[in-house]
Amino acid sequence: MLDQETMKAVLLALAERSDDDVERAISESDVLDDADRALLRAALDSADTPAGMARALGDAVRDAGEIDFLANECYRAAFYLGDGLPGLQGDPLFGYFSTKRTGRILDKWIHYFPIYTEHFSRFRGRPVRVLEIGVYRGGSLDMWRWFFGPDATLVGADIDERAREVSAPDHVVEIGDQTDPEFLRSLSERYGPFDIVIDDGGHEMRQQIVTAETMFPLLAEGGVLLTEDCHTSYWDAYQGGTGRPGTFIEWCKAKVDDVNGYHQPQPLDRVWTDTLGSVSFYDSVVVLKKQQRFAPFAEQVGHAEFLLLPRFAAQHVTELAARRDAAVAQRDELRRQQHHDREAFEAERARLRAELAELQTELDAATAVPETARAVQALRRAAVTRIPGRRKDPAD
Ligand SMILES: C[S@@+](CC[C@H](N)C(=O)[O-])C[C@H]1O[C@@H](n2cnc3c(N)ncnc32)[C@H](O)[C@@H]1O
């Protein structure tokens, strides 16, 4: 049977790079049987470096179904012996974690740090609103305050009153159950809308699903909901199992279909398809990002015409538009001119009409005089002829 003492001795010898001590720890153990020794030696022979050997030991322990703790310690040794450590050097949260040796308890899976950094860095130093569900002893709230800075609104929520009692006095810790949507909604109303919700609560299926269904729609635009310890979806003790219906991971897998909602025949789920920008799966962590999406459409570029034709077409269109604008301007000018000419013409015609009328009056007056004279002569003649005996005057 693989045991803790033997594994400790083997890992220590690996860290000190002493092959003799490694072999001594295996051969002198009075707990291991021959099969165990063969298993450990085969694992050690399969790798060249201390980090690789520690990792191979972890795999062997894990495959043998031994207690998780032993595999965890082997992988931990592998990491600190160099397997993955370089990738985390420079990570601010890992730096905080590695150098924090006192204060409130902070218990983290190491591979979460780059995930936090990837999704949270853009909020750093800003007046971000953060909710962490699952406070425990307040160690992570301390870390988030350090990371996000003094302008952040930081709220912790826990079902256990002790979480409030032991957290730093300046941390806000609300007591309630994450499976109670009303409690979650009240947090959003009082302190939200949150940019970040971290679910590190009870890790049971219903807790994670209710929290995600309630809090995701309430997130601020661009916000993220990060759910930790999703490995419980595979653990029987948490009602988990690979592919088992009802687990949080299965719920998240279905969300991938919502992200692709536009490409399926069924009606869109507006809350999720239009606002779920992405679902990011990591080992034990899922991150849902909220993002108001426009409806997807396709467009073709990349052929040679894209480089040439649009440019010529654009020039052509510009020229046509310029000629059209000039023609429109000319037409408007002609209309203005025509309008002006018409007014002048009307005025001239009216003037001529008036003049004509005046002339007619004068003409009438002028012609009226001779006609009167002729009428008088005619009357006289008529009168003369009618007056009998009147001697013709030689002057007539
Ligand atoms: C893993 S610990 C949190 C650790 C902490 N975030 C840290 O990193 O140090 C989980 C916490 O979730 C709390 N919890 C469990 N079930 C809960 C529930 N239904 N609602 C709210 N909190 C719950 C527990 O009381 C516990 O304090």
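Helices here are DSSP runs of H or I with at least four residues, strands are E runs of at least two, and both are numbered from the N terminus. Welcome to a predicted model, in which local features need pLDDT of at least 70, side-chain atom pairs count only at pLDDT 80 or more, and totals for chains, interfaces and linings use all residues. Residues are numbered from 1 along each chain as its sequence is written.

A friendly place to start is α4, at residues 50-63. The expected span of a helix is 1.5 Å times one less than its number of residues. With 14 residues, α4 should span 20 Å, and its end C-alpha atoms are 20 Å apart, which agrees.

Which residues of α4 are buried? They are Pro50, Ala51, Met53, Ala54, Arg55, Leu57, Gly58, Ala60 and Val61. Buried means that 20 or more other C-beta atoms lie within 10 Å of a residue's own; with 12 or fewer it is exposed, in between partly exposed, and C-beta atoms are placed from the backbone. These buried residues of α4 pack against α1 (4-15), α3 (34-45) and α5 (68-80), where contact means C-beta atoms, placed from the backbone, within 7 Å.

**The sheet**

Next, look for an open sheet of 7 strands, in the order β3-β2-β1-β4-β5-β7-β6 and with mixed pairing. Two strands pair if DSSP finds at least two bridges between them. At the edges are β3 (172-175) and β6, each pairing on one side only.

Inside the sheet, β4 (residues 196-199) pairs with β5 in the parallel sense over 4 bridges, and Val197 stands opposite Leu225 in β5.

**Strand β7**

Strand β7 (residues 285-290) has a covered face of Val286, Leu288 and Lys290, while Val285, Val287 and Lys289 form the uncovered one. The strand pairs in the antiparallel sense with β5 over 4 bridges and with β6 over 6 bridges. Opposite Val287 stand Leu226 and Ser280. The hairpin of β6 and β7 has 2 residues between the strands, and Ser284 there takes a positive phi near 70°.

**Around the ligand**

Of the 21 residues around the ligand, those that come nearest are Gly134, Tyr136, Ser140, Gln178 and Gly202. A residue counts as near if its C-beta atom, placed from the backbone, lies within 6 Å. Elements giving two or more residues to this shell are β1 (129-133), α9 (139-148) and β2 (153-158).

Notes. Contact = placed C-beta atoms within 7 Å.
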